[in-house]
Amino acid sequence: TYTSPEIVRHFGFIESHLSEHDHFAGSEFTAADVQMFYGVEAGLARGGVTDAPNTSRWLGLMKGRPAYERAVAQGGENRLLSGS
């Protein structure tokens, strides 16, 4: 009863920020995006966040990066999200 509303609240902040910026530290990809990636994926996988178009756009940008694609090719998909 505590965690789910907090996740929704935090994602509201993330959505608001990403509505004005392409990345977490502004217009350029930085280490902040790397740091936020897993937490954002985990929060979305937990459920409760139903409308996050800006966050989804940002995730698409991150997953489209060549380095991400190489990491997935080498290590596989994130098991948190695949249920394995």
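The following dialogue sets several structural terms against their cut-offs in a predicted model.

Modeller: In this predicted model, local features need pLDDT of at least 70 and side-chain atom pairs count only at pLDDT 80 or more, whereas totals for chains, interfaces and linings use all residues. Residues are numbered from 1 along each chain as its sequence is written, and side-chain values use heavy atoms, with hydrogens and water left out.

Biologist: How many aromatic pairs does the rule give?

Modeller: Rings of Phe, Tyr and Trp (its six-membered ring) pair if their centres lie within 6.5 Å; planes under 30 degrees apart count as stacked, over 60 as edge-to-face and the rest as tilted. By that rule there are three aromatic pairs.

Biologist: Why is the pair of phenylalanine 24 and tryptophan 58 called edge-to-face?

Modeller: The ring centres of phenylalanine 24 and tryptophan 58 are 4.9 Å apart and the planes stand at 85°, so the pair is edge-to-face. Phenylalanine 24 lies in the loop between α1 (3–20) and α2 (31–46), and tryptophan 58 in helix α3 (residues 53–63), 34 residues apart. Such helices (H or I, at least four residues) are DSSP runs, numbered from the N terminus. Ring pairs link Phe24, Phe37, Trp58 and Tyr68 into a cluster.

Biologist: Why does threonine 55 count as buried?

Modeller: Buried means under 20% relative accessible area, exposed over 50% and partly exposed in between (1.4 Å probe, protein chains only). Threonine 55 has 0% relative accessibility and therefore counts as buried. Threonine 55 belongs to helix α3. Beyond its neighbours within four places in sequence, threonine 55 is in contact (heavy atoms within 4.5 Å) with Phe11, Ile14, Glu15, Leu18, Val40 and Leu44. Phenylalanine 24 and tryptophan 58 are both buried as well.

Biologist: What makes α1 and α2 oblique to each other?

Modeller: α1 and α2 pack at an angle of about 130°, with their axes 11 Å apart. Axes are lines fitted to C-alpha atoms, for helices over the stretch in contact, and angles run from 0 to 180 degrees between N-to-C directions. Angles under 35 degrees count as roughly parallel, over 145 as roughly antiparallel, 65 to 115 as roughly perpendicular and the rest as oblique. The two helices α1 and α2 are therefore oblique.

Biologist: Why are α2 and α3 called oblique to each other?

Modeller: For α2 and α3 the packing angle is about 125°, with axes 11 Å apart. By the rule for angles, α2 and α3 are therefore oblique to each other. Their contact involves residues including Met36 and Phe37 of α2 and Thr55 and Trp58 of α3.
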